[in-house]
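Trainee: Hi! Could you walk me through this structure?

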Amino acid sequence: MKILIIGAVAAGTSAAAKSRRNDETAEIKIFETDSDISYSACGLPYYIGNEVRKREDLVPRDSGFFKRKYNVDILTRQQVLKINPKSKSLLVKNLATSEEYIENYDKLVISTGARPFLPEIPGVNKKNVFVLRNVESADKIKNYIAKFKPKKALVIGSGFIGLEILDNFKALGMDVSLVEKEEHLMKNLDADVASYLKEILDKSDVKVYLNNFVSELEGSKDFARRARLKNGTEIETDIVIVGAGIRADVSLAKEAGIEIGLTGAIKVNKKMETNLKDIYACGDCAESYSLITGRDIYRPLGSTANKMGRIAGDSMTGGNLEFKGILGTGIFKIFDFTVAQTGLTEKEAITEGYDVAVSHIIKPDSQVYYRGEEMMIKAVADKKTMKLLGAQIIGKAGVDKRIDVFATALTFGARVQDLFHLDLAYAPPFSTTKDPVMYTGMVLTNETERNRKLITSELLEEKLEKGEKVNIIDVRTQKQYVQGHIRNAVNIPLEVFRGSIEKMDKDAQIVLYCNTGVSGNAAQNILINNGFKFAYNLSGGYKNYIRVKSDLI
């Protein structure tokens, strides 16, 4: 059997390695347009920022390695021009010699990856305007920085690449501006969570322009020196990174008659098979589907590409592996913080038709007396089934651990009640006695089972804007109240709260809040146990409210 693979980064090399493990006799060849293979694309921003010192750390394997270990031939600088399914052949061009030749196959894997999206901006083709997609593009950026020593940088787009590159540009001493066309940063986050991210950038002296876009890059013939935004703002810059997203590279597949899914990526089944016999697709060019909704989605990540490649290699050689779907789990570092997300956001869950329960908790990652750092966890659940739907976390420490626990729980269909019963590791340097994951389960269980209703900052603002009668009670100390409070709130500290309830209207809408929600819940319990019908606890308390309210009023 002869297996040909188009693309030698994550998915393609994984497919080759698994094929070889299953079948020692197969002839396996990979064609790669670039010079580098099997590189860590996720490490490129850190290579530019000198966190990764050596280029070979990102590209640890070459064609010789795969030949020696797997008896796989990887041919670099070879561009596949055409797939001919009828003759089961490829037309290939040697980019070094311009020679074109035919290669026949029994099984074919398409792992062509994705291409950066380049907006149609006048001046976008100038020499100091870059996209970051492969090691060669990172080399160009590093060489430009070494030669011209830019002081001011502009990043267009707030996806993973944009945010990670601005972090590294700041580490190199540049003044950085970020332009995002959407109303909030990072579309994979809800707006209220993104407000935390905005605060981090503001405090790190990154100039952020939301709900805006670059209409023109001006300067000399070769170099962009100014960016003009749609609102007329001008930003001076010495280097521009366009991180406006990527698109699945499906041109070869489409021309060959392979079905393209609604997401714009190649449609595959659970065994990575396309609609054409003996042709498979995997990695950033292929469509995934949601573990939660079952709908087709496109979330190109290296972890998913490796998984898909392994399944494609297994399928071609008679194995039984099947793709189980993804949650879209993602994580990135931004200065001293970590931001992570898995499953559905609140916005996505509502769009899918779920009646959602939402909680925000602010808890330390470990015991405060052992240098615990606060993290904010937003979790979303389905009120009907009480199943967890998704989580988003921002914090300085322990975020990676918790997002992986949530991802595991989501994978196995956990209900919110199950989170409290998890037997998670505890010692003061690593967690709190009730881990933030367990606490999330407690809060959501209280809301869905015990009628301890939460109200988000956004919903509270909507009620106030509509003129609804809402009695807002601040149960913190008088000193904390004086330092800052929600408008129209009255201060009744928790220690005197029980003595004040006789004067309250049991049929009124009452919203209680403290700093993070714990004392607010205690006051809520007092009211509910005394017959109050509409007592709400403000999700995440005042600490969460003050971070998101600037986007609301």
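This is a predicted model: local features need pLDDT of at least 70, side-chain atom pairs count only at pLDDT 80 or more; totals for chains, interfaces and linings use all residues.

Trainee: Is helix α13 mostly covered or mostly open?

Mentor: Mostly covered: 11 of the 15 residues in α13 are buried. Among them are Pro-436, Met-438 and Leu-444. The cover includes β23, β24, α11, α12, β26 and α16.

Trainee: And what caps the N-terminal end of α13?

Mentor: Asp-435 does, with a side-chain oxygen 2.9 Å from the backbone nitrogen of Val-437. After α13 comes Asn-451, whose phi is positive, near 65 degrees.

Trainee: New topic! How many salt bridges are there in the whole structure?

Mentor: A search finds 33. In one of them, the side chains of Lys-107 and Asp-278 meet at 2.9 Å, N to O. That pair links distant parts of the chain, with Lys-107 in strand β7 and Asp-278 in the loop between α8 and β18, 171 residues apart.

Trainee: Are Lys-107 and Asp-278 buried or exposed?

Mentor: Both are buried.

Trainee: Which helix holds Lys-198 and Asp-202?

Mentor: Both lie in helix α7, four residues apart, about one turn of the helix.

Trainee: Last one: which residues make the nonpolar surface patch of about 360 Å²?

Mentor: Tyr-369, Tyr-370 and Tyr-426. Tyr-370 sits in the loop between β23 and β24.

Trainee: Why does Tyr-370 count as partly exposed?

Mentor: Because its relative accessible area is 37%, and partly exposed covers the range between under 20% for buried and over 50% for exposed.

Note on methods: Residues are numbered from 1 along each chain as its sequence is written. Side-chain values use heavy atoms; hydrogens and water are left out. Patches are made of residues with over 30% relative accessible area and no salt bridge: like charges are joined within 9 Å, nonpolar side chains (Val, Leu, Ile, Met, Phe, Trp, Tyr) within 5 Å. Accessible areas come from the Shrake-Rupley method with a 1.4 Å probe; for residues, only the protein chains shown count as cover. A salt bridge is a side-chain nitrogen of Lys or Arg within 4 Å of a carboxyl oxygen of Asp or Glu. Helices (H or I, at least four residues) and strands (E, at least two) are DSSP runs, numbered from the N terminus. Buried means under 20% relative accessible area, exposed over 50%, partly exposed in between (1.4 Å probe, protein chains only). Contact means heavy atoms within 4.5 Å. A polar contact is a pair of N or O atoms within 3.5 Å; within protein, one must be able to donate a hydrogen and the other to accept it, and residues adjacent in sequence count only if both atoms are side-chain atoms.
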